[in-house]
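Please read these notes with the coordinates open. They are arranged as numbered points.

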Amino acid sequence: YDQYMFHLVRRDGFKYICMSDRNAKRRITFAFLAEIVQGFTERFGDHMVRSGVPVTPTWFTVSHSKLC
C-alpha cells in the first residue's frame, strides 16, 4: 500500500474515503470527495443521518475522469 494515499472527509456523522495514487494531487482527491458528499446529501438529505441505517453506496459512482 505504499504507493497509495487514503483521504478522509467527515460530514454529518458519515465518513467518506478516497484511495488515490501517492502522486495524485490533493485538490483532485478532495474535489472527488466533495462530489461524493454532495451527491449523497442531494440524494438522501438528512434522512440517512436520522435513520441510523448503514449505507453501502453501490448505487453511487463518480468517475475520476469527470473531475479532471
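The points below go from the basis of the model to its fold, core, helix and turn.

1. Basis. This is a predicted model, in which local features need pLDDT of at least 70, side-chain atom pairs count only at pLDDT 80 or more, and totals for chains, interfaces and linings use all residues. Residues are numbered from 1 along each chain as its sequence is written, and side-chain values use heavy atoms, with hydrogens and water left out.

2. Confidence. pLDDT is the predictor's confidence in each residue, from 0 to 100. The protein's mean is 78, and 65% of its residues reach 70 or more. Strand E1 (residues 4-11) has the highest confidence, at 93. Helix H2 (residues 47-51) has the lowest, at a mean of 66. Read H2 with that in mind.

3. Fold. There are two helices and two strands. Their order along the sequence is β-β-α-α. Helices (H or I, at least four residues) and strands (E, at least two) are DSSP runs, numbered from the N terminus. Contact means heavy atoms within 4.5 Å. Among contacts between residues at least 6 apart in sequence, 32% join residues at least 24 apart.

4. Surface. Buried means under 20% relative accessible area, exposed over 50%, and partly exposed in between (1.4 Å probe, protein chains only). Of the 68 residues, 25% count as buried. The protein exposes about 5,400 Å². Carbon and sulfur atoms supply 52% of that area. Accessible areas come from the Shrake-Rupley method with a 1.4 Å probe; for residues, only the protein chains shown count as cover.

5. Strand pairing. E1 and E2 run antiparallel and are joined by eight bridges. Two strands pair if DSSP finds at least two bridges between them. Val-9 stands opposite Tyr-16 in E2.

6. Core. Which residues make up the largest nonpolar core? There are nine: Val-9, Phe-14, Tyr-16, Cys-18, Phe-32, Leu-33, Ile-36, Val-37 and Phe-40. Strand E2 (14-21) and helix H1 (26-44) are the elements that give two or more residues to this core. H1 gives the largest share, five residues. A nonpolar core is a set of buried Ala, Val, Leu, Ile, Met, Phe, Trp, Tyr and Cys residues joined through side-chain atoms within 4.5 Å.

7. Leu-33 touches His-7, Leu-8, Val-9, Tyr-16, Ile-17 and Cys-18, not counting residues up to four places away in sequence. Phe-32 is also in H1. Phe-32 is buried, with a relative accessible area of 17%. Its C-alpha lies 8.0 Å from that of Cys-18, 14 residues away in sequence. Ala-34, another residue in H1, is partly exposed at 44% relative accessible area.

8. H1 geometry. H1 has 19 residues and reaches 27 Å from first C-alpha to last, close to the 27 Å expected at 1.5 Å a residue. The expected span is 1.5 Å times one less than the number of residues. Buried residues in H1 include Ile-28, Thr-29 and Gly-39. Gly-45 follows H1 and has a positive phi, near 55 degrees.

9. Turn. Where does Asp-12 lie? Asp-12 is in the loop between E1 and E2. That hairpin has two residues between its strands. Phi of Asp-12 is positive, near 50 degrees, in a residue other than glycine. Most residues other than glycine have a negative phi. Asp-12 is exposed, with a relative accessible area of 61%.
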